[in-house]
Amino acid sequence: MASGIGRASAVLASGTLVSRVLGFVKVIIFARIIGQFGAGADAFNVANQLPNQVYVIVAGGVLSAVLVPQIVRSALHKDGGAGYINKLVTLALVILGTTTIAATLFAPALTQLVVGDNFPANQMSLAITFAYWCLPQIFFYGLYTVLGEVLNARKSFGPFTWVPVFNNVVAIAGLAAFSIMFGADPTGARSASDYTTAMIVVLAGSATLGVVVQATSLLFFWKRIGLSYRPDFHWRGVGLGAAGKMASWTFGMLLLTTFAGIIETRVVSAASGSDASVSVLSTAWLVFMLPHSIITVSIATAYFTRMSEHASVSKLSAVLTDASSAVRGTSLIIVLASAVIAVCAYPFSTFFVEPFEQIQALGNVIIAYIVGLVAFCVLFVFQRTFYALGDTRTPFFFTLFQVILVTIGVIGCQFLPLEWIAFGIALVVSVAGTAQAVLAGILLRRKLGSIDGRRLARSLLSYLAAAIVPTALGLFLMVQFGAFEDGGFAVSGAFGAIVSMVTVGAVMLTLYFGTLLLLRTPELKVVLDPMLARIRRR
């Protein structure tokens, strides 16, 4: 791995790690104050997910897929791309502002669309009120993405991953204020009717304020690298038509994924109350995304800019090399992360919930998601490779394939017992995502002529083989710690969970990397060489 990519990935990973740790702290505090099961937790999570769902449809992935390649190419302009950036940012902000106003006005309809008739009247009313406070986040999520992707395209990678720390700090402060003012409800016993206006303002208002702070803080970093924004509404003649054509396919792809997400929420919300539902599914997905965000996104984002540069001058062999390196480098660590999280899922769940039945329910959903983590990360790299090549059409079709599978599977999950619906949905998503990654690889091979398939397969198989013994021993140790029985040490509280997870994680990590050393895995040398060189210098 090139030193520049390694440094950029390290900066991204460090910021993402701190942000994700604080994100986990926020979710743990939320679980201890609002709960993971019950009307209030599910109503808030439905409302707080709406800004993301609307934003993703309108601009989320479009900005990421289109913005970086276009800005990299615009660097060839006489002004270094400054004029193009102003035009593109102005267009994005106009779209985001219009969308935010419209979505907020239609909050009741959007909430009804997502949950259907599964919430009783008082819970639906609470969810709609939360939505009015949360939907303005759309504009600021977009502002964060626009400002951050421009910084990434200019190879200033750190701010984009570090400023979410501010968001989490504000949100945690809001939860703390809620607890002091209104008390905690970790089991979710508080009914929807118990939520007062003041409670709603503190809970949802602080969540939105965190997003505002996250976005606006990036303006400081723009100035530091010499960028300044001037609104420019003259959008003709600078190639925005090409960007729009690319965006149209990405827009269609995001419509598909949002449709699948709505189906998932409508089905799982039927279990809201005493069983795992919207909030549990959201928390399990957060656990699933932790290693992906820290490892895959950090490495792939740095590679994405370089792949875009290579693609802009038609160096397809270099694009292939970068894609192969990104997959192999991320998978080496993701395989271990998947195994450790699956083995530690029950103790991990004790940080969010207390009764053993809730620990089991959350842990099972985490495991069902983790099954598809490796494929999800490989897919992420393949998708970004298509984007670097300026192809947003092909990702639309392999996403359509995945959405069809998810929709069929999730609709089938509504016939499961209520306590197993969330688990079933998570498993369906994992299976469909794995199939999607395989199809994406086949299509990328057709486009590039190769995806370094034999080398990728050899590396992935060696990682999986190296994880077999650590996983088996980890499960054995978890049984000894009582992780799978009510009252067991590993699920008795935070202390038992930490001791068991640290012990098992350390054993699994040592065995995994030891096995890779015995197998003489080439990718491990790439990871270890910089560390060993630094030790020698010291």
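**Note on a predicted helical model**

1. At 23% relative accessibility, D452 counts as partly exposed. The cut-offs behind that label are simple: a residue is buried under 20% and exposed over 50%, so a value of 23% falls in between. The model under review is a predicted one. D452 sits in the loop between α18 and α19, the latter covering residues 453–480. The phi angle of D452 is near 60°, a positive value in a residue other than glycine. As background, most residues other than glycine have a negative phi.

2. D452 also takes part in a salt bridge. The partner is R455, and the closest N and O atoms of the two are 3.8 Å apart. The cut-off for a salt bridge is 4 Å, so a separation of 3.8 Å qualifies. R455 is partly exposed as well, with a relative accessible area of 37%.

3. The overall make-up of the chain comes next. The chain contains 21 helices and zero strands. Of its 538 residues, 56% are buried. Among contacts with a sequence separation of 6 or more, 83% are between residues 24 or more positions apart.

4. How many salt bridges does the count come to? The count is three. One of them joins the side chains of R32 and E354, at 2.6 Å from N to O. R32 belongs to helix α1 (residues 3–33), while E354 is in the loop between α14 (345–349) and α15 (356–370), so this pair ties together parts of the chain that are 322 residues apart in sequence. R32 is partly exposed, at 28% relative accessibility.

5. Another salt bridge pairs D391 with K447, with an N to O distance of 3.3 Å. D391 lies in the loop between α16 (373–388) and α17 (393–413), and K447 lies in helix α18 (residues 421–448), so the pair links parts that are 56 residues apart in sequence. Are the two partners buried or exposed? D391 has a relative accessible area of 9%, under the 20% cut-off, and is therefore buried. K447, at 40%, counts as partly exposed.

6. Two helix pairs deserve a look. In general, a pair of packed helices is described by the angle between the axes and the distance between them. For helix α5 (residues 121–134) and helix α9 (residues 197–216), the axes come within 8 Å and cross at roughly 40°. This crossing is right-handed. On the α5 side, the contact is made by L126, T129, F130, W133 and C134. On the α9 side, I200, V201, L203, A204, G205 and T208 take part. Sorted by class, the contact has eight nonpolar, three polar and no charged residues.

7. The other pair is helix α13 (residues 316–343) and α15. Their axes come within 9 Å and cross at roughly 160°. Why are these helices called roughly antiparallel? Angles over 145 degrees are given that label, and roughly 160° is over this limit, so α13 and α15 are roughly antiparallel to each other. The crossing of α13 and α15 is left-handed.

8. Where α13 and α15 meet, S338, I341 and A342 come from α13, and I366, I367 and I370 come from α15. By class, this contact has five nonpolar residues, one polar residue and no charged residues.

9. R520 is another residue with a positive phi. The angle is about 55°, although R520 is not a glycine. R520 is found in the loop between α20 (494–518) and α21 (522–537). With a relative accessibility of 73%, which is over the 50% cut-off, R520 counts as exposed.

10. A490 is a loop residue too, located between α19 and α20. What is the relative accessibility of A490? The value is 0%, so A490 counts as buried. Apart from neighbours within four places in sequence, A490 is in contact with P347, T350, F481, G482, A483, G496, A497 and S500. A490 and V479 are eleven residues apart in sequence, and their C-alpha atoms are 9.1 Å apart in space.

Terms used:
Residues are numbered from 1 along each chain as its sequence is written. This is a predicted model: local features need pLDDT of at least 70, side-chain atom pairs count only at pLDDT 80 or more; totals for chains, interfaces and linings use all residues. Side-chain values use heavy atoms; hydrogens and water are left out. Helices (H or I, at least four residues) and strands (E, at least two) are DSSP runs, numbered from the N terminus. Buried means under 20% relative accessible area, exposed over 50%, partly exposed in between (1.4 Å probe, protein chains only). Axes are lines fitted to C-alpha atoms, for helices over the stretch in contact, and angles run from 0 to 180 degrees between N-to-C directions. A crossing is left-handed if the near helix is turned anticlockwise from the far one by less than a right angle, and right-handed if clockwise. Contact means heavy atoms within 4.5 Å. Ala, Val, Leu, Ile, Met, Phe, Trp, Tyr, Cys and Pro count as nonpolar, Asp, Glu, Lys and Arg as charged, and the others, Gly among them, as polar. Angles under 35 degrees count as roughly parallel, over 145 as roughly antiparallel, 65 to 115 as roughly perpendicular and the rest as oblique.
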